[in-house]
Structure formats: structure tokens, C-alpha cells
Amino acid sequence: RTRLFAHLLSQEIAFFDSHKSGELVSRLGSDTTLVQMGTTEALTETVVSSIKALVSVGLMFSISWRLTAIVFAVCAVLLLGSIPVSQLVGRMTSAYQDALSEAAMVSTEALGAMPTLRSFDGEELEHRRYT
């Protein structure tokens with residue numbers, strides 16, 4: 001997280017013109033949390049799952065190599081079918097993160113400028129922007 005923040009601070013001024021501070025703050029918090037969770041949980045789960053898979057394959061080969069070959073063929077087909085689904089989930093996750101970032105940016109701007117917003121009767125406009 002600190003390296004990402006240092007990287008943000010080293011950006012050109014034009015970067016901050018095209019990216020609002022609320023969006024950057026939201027991304028700084030949520031993206032680093034997601035990466036941290038993914039790396040710590042995924043690493044442990046990967047090691048355990050790999051050991052289980054190797055033992056299972058060894059047992060399958062010892063019981064019937066022909067049946068094991070059929071299972072591997074079916075798994076290959078399922079794996080190829082899951083690629084488009086994975087890409088769809090990736091796009092949906094990215095869109096979700098963008099929406100959260102936008103909502104955080106709008107709420108940060110509105111709440112930070114509440115006196116000005118109230119004096120121009122802009123609560124309804126900001127509410128529509130948030131939703």
C-alpha cells in the first residue's frame with residue numbers, strides 16, 4: 001500500500017486532472033485489500049490443493065489408468081469452457097470496482113463541500129450522481 005501511495009505521489013499533475021482524489025483514495029484502500037487477501041489466502045489454498053490433487057491422481061492411476069485418462073479428457077473440456085466465464089467475471093469485477101470508486105469519489109466531493117452544496121440547493125443533483 002505504501003509503494004502504491006508513493007507511486008501516486010510521483011505522478012504528473014495531468015494524472016490528477018483526469019483522476020479524482022476520491023477515486024484514488026477508494027482504489028488505494030480497496031485494491032490493496034483485495035491483493036492482500038488474494039495473495040495470503042490463495043497461496044495457502046494452492047499448496048494444500050496441489051498436494052491433494054497429486055495424491056488423488058496417484059491413487060486414480062493405481063486403480064485404473066484408462067478411467068483416469070477419461071477423467072482428464074473431461075477436465076480439459078471443462079477447463080476450456082470455464083475460460084470465457086472467468087473473463088466475464090473479471091470484467092464484472094472491474095466494473096464493480098469502478099462503480100464503487102465513482103460512488104466514493106462523488107460522496108467525498110459532496111460531503112467535503114456541503115456548505116457550498118447546500119447554498120446552491122444541489123443535494124438532489126449529488127444524490128442522482130451518487131446513484
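1. R128 is exposed, because its relative accessible area is 52%, where buried means under 20% relative accessible area, exposed over 50%, and partly exposed in between, with a 1.4 Å probe and protein chains only. The side chain of R128 meets that of E124 in a salt bridge, at 3.8 Å from N to O; the term stands for a side-chain nitrogen of Lys or Arg within 4 Å of a carboxyl oxygen of Asp or Glu. E124, with a relative accessible area of 48%, is partly exposed. R128 and E124 are separated by about one helical turn, because they lie 4 residues apart in helix α6 (residues 123–130). A search of the whole structure finds 1 salt bridge.

2. On provenance, the model is predicted, so that local features need pLDDT of at least 70 and side-chain atom pairs count only at pLDDT 80 or more, whereas totals for chains, interfaces and linings use all residues. Residues are numbered from 1 along each chain as its sequence is written, and side-chain values use heavy atoms, with hydrogens and water left out.

3. As to the overall architecture, the chain has 6 helices and 0 strands, in the pattern α-α-α-α-α-α when read along the sequence; helices (H or I, at least four residues) and strands (E, at least two) are DSSP runs, numbered from the N terminus. Of the 131 residues of the chain, 12% count as buried. Among the contacts with a separation of 6 or more, 53% are between residues 24 or more positions apart, a contact being heavy atoms within 4.5 Å.

4. The accessible surface of the chain comes to about 10300 Å², and 69% of this belongs to carbon and sulfur atoms; accessible areas come from the Shrake-Rupley method with a 1.4 Å probe, and for residues only the protein chains shown count as cover. On the surface, L43, V47, I51, V55 and L59 form a nonpolar patch with about 480 Å² of accessible area together. Patches are made of residues with over 30% relative accessible area and no salt bridge, with like charges joined within 9 Å and nonpolar side chains (Val, Leu, Ile, Met, Phe, Trp, Tyr) within 5 Å. L43 belongs to helix α3 (residues 21–63) and counts as exposed, at 58% relative accessibility.

5. The structure holds 1 aromatic pair. The ring centres of F61 and F72 are 6.4 Å apart and their planes stand at 40°, so the pair is tilted; rings of Phe, Tyr and Trp (its six-membered ring) pair if their centres lie within 6.5 Å, and planes under 30 degrees apart count as stacked, over 60 as edge-to-face and the rest as tilted. The pair links distant parts of the chain, with F61 in helix α3 and F72 in helix α4 (residues 65–112), 11 residues apart. F61 counts as partly exposed at 45% relative accessibility, and F72 counts as partly exposed at 40%.

6. T68, in helix α4, is buried, with a relative accessible area of 1%. Its side chain reaches the backbone oxygen of M60 at 3.1 Å. If its neighbours within four places in sequence are left aside, T68 is in contact with M60 and F61.

How values were computed
A polar contact is a pair of N or O atoms within 3.5 Å; within protein, one must be able to donate a hydrogen and the other to accept it, and residues adjacent in sequence count only if both atoms are side-chain atoms.
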